[in-house]
Amino acid sequence: MKENKKIFIYGGIIGLIGAILMKLGNPGNMGICVACFYRDIAGALGLHRAEVVQYIRPEIIGFIFGGVLAAVLGGEFKSRGGSSPIIRFVLAIFLMFGALVFLGCPLRMILRLANGDLNAIFGLLGYLLGIYIGIHFLKKGYSLGRSTNQTKISAYIIPILSVFLLLLLLIKPSFIFFSTEGPGSMRAPVFIALALGLISGFILQRSRICTAGGFRDAILIKDYHFLWGILGIFIFNLIGNLVLNFDTFQISFANQPVAHTNHLWNFLGMVLTGICSILLGGCPLRQTILASEGDSDAGITVLGLIVGAAFAHNFQIASSPEGVTPNGKLAVIIGLIVVILIGNSVVKDVLKERRKKEEVM
């Protein structure tokens, strides 16, 4: 119970930070959204040209800085990886497709609920179904293999890239794009966002909070520890919104910021996100923190998320408040087929290897 209270408070701090960032200028119901923030970064780098979502989000940089700091202090910063990187890259791309059809990562789904966006209920139901499907593969033996020790420099790639992004954000060279309208133009002050991101990254590294992991453990092994962290995020964000953002708080389906009311595709987009999160071993937020610890598998996943965001906007897959695009619907259907095929293929290979070992013994 003591540990559950502790992780509840950790989650609560993340929820409060989400409410504070929204109050300070981040888009509505988007105090923190890992998928949206990577999308904005992809736009700022010119990987897509959707002018309303281009900005180097300092919160992501802060997550990585905070994760590095916590990992170093805890003796957990080490180079590791090599576990099916190309599969992780592909899964990350499809995860991003699902998230941007829904219009938010699993964390934003929780924050949308905490600000009264009822559309996120369908996202949550889809996410839970996706996690349940992912658990089906885990029970059958799904595994992308063990990570092994890697060369030291690989642990520093993602932290170095985050420093480079911070320099680009501060210097603002002409080849970097910044939105002048739309969600990308709505931002908390740079250094406050960076500091709050750093605090979040530190807490997330120490607590291991993961939206996919919390629901997975509750369903698979009846362990509710991480679910307390998710509950803390929701409750404290709700309280924070009622205190800080009451003027924008509304319980409704319609007129929610950066959201649409197509319930079927909110549901299916998050089914895809849930499956991918389980097959990857963590949601986008958890992957970001793992990458900050020196995990190059998570680093590949982060790069896949950025590429997926670029594809989503270049190929008109991402939704908008007006609704889901035909390409977005097609991408989700293709994504569901592809990731299930990947899961089945991996399971077959794992079982085949087990049989070979048993024959040798």
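This note comments on selected local features of the predicted model, point by point.

1. Basis. The model is predicted: local features require pLDDT of at least 70, side-chain atom pairs count only at pLDDT 80 or more, and totals for chains, interfaces and linings use all residues. Residues are numbered from 1 along each chain as its sequence is written, and side-chain values use heavy atoms, with hydrogens and water left out.

2. Nonpolar core. The largest nonpolar core holds 101 residues; such a core is a set of buried Ala, Val, Leu, Ile, Met, Phe, Trp, Tyr and Cys residues joined through side-chain atoms within 4.5 Å. Here buried means under 20% relative accessible area, exposed over 50%, and partly exposed in between, with a 1.4 Å probe and protein chains only. Ile-32, Tyr-38, Ile-56, Ile-60, Leu-91, Tyr-127 and Tyr-142 touch the most other members. Helix α4 (residues 85-102) supplies the largest share of this core, 11 residues. Helices (H or I, at least four residues) and strands (E, at least two) are DSSP runs, numbered from the N terminus.

3. Ile-56. Residues up to four places away in sequence aside, Ile-56 touches Ile-41, Ala-44, Ile-61, Leu-165, Leu-168, Leu-169, Ile-176 and Phe-178, where contact means heavy atoms within 4.5 Å.

4. Helices α3 and α7. Helix α3 (residues 58-73) packs on α7 at an angle of about 145°, the axes being 10 Å apart. Axes are lines fitted to C-alpha atoms, for helices over the stretch in contact, and angles run from 0 to 180 degrees between N-to-C directions. The crossing is left-handed, that is, the near helix is turned anticlockwise from the far one by less than a right angle (right-handed if clockwise). From α3, Pro-58, Ile-61, Ile-64, Phe-65 and Val-68 meet α7 residues including Ile-158, Leu-165 and Leu-169. The contact residues divide into 11 nonpolar, 1 polar and no charged; Ala, Val, Leu, Ile, Met, Phe, Trp, Tyr, Cys and Pro count as nonpolar, Asp, Glu, Lys and Arg as charged, and the others, Gly among them, as polar.

5. Helices α1 and α10. The axes of helix α1 (residues 2-23) and helix α10 (residues 225-244) come within 6 Å and cross at roughly 35°. This crossing is right-handed. Its contact residues comprise 15 nonpolar, 11 polar and 2 charged.

6. Ser-179. This residue sits in the loop between α7 (152-171) and α8 (190-207) and is buried, at 5% relative accessible area. Its side chain makes polar contacts (N or O atoms within 3.5 Å; within protein, one able to donate a hydrogen and the other to accept it, with residues adjacent in sequence counting only if both atoms are side-chain atoms). The side chain of Ser-179 reaches the backbone oxygen of Glu-51 at 2.6 Å and the backbone nitrogen of Val-53 at 3.3 Å.

7. Gly-126. Located in helix α6 (residues 119-139), Gly-126 is buried at 0% relative accessibility. Leaving out residues up to four places away in sequence, Gly-126 touches Phe-267, Met-270 and Val-271.

8. Helix α5. Of the 9 residues in α5 (residues 106-114), 8 are buried, among them Arg-108 and Arg-112. Gly-116, with a positive phi near 90°, follows α5.

9. Asn-29 has phi near 55° and is buried, at 2% relative accessible area. Ser-84 has phi near 50° and counts as partly exposed, at 24% relative accessibility.
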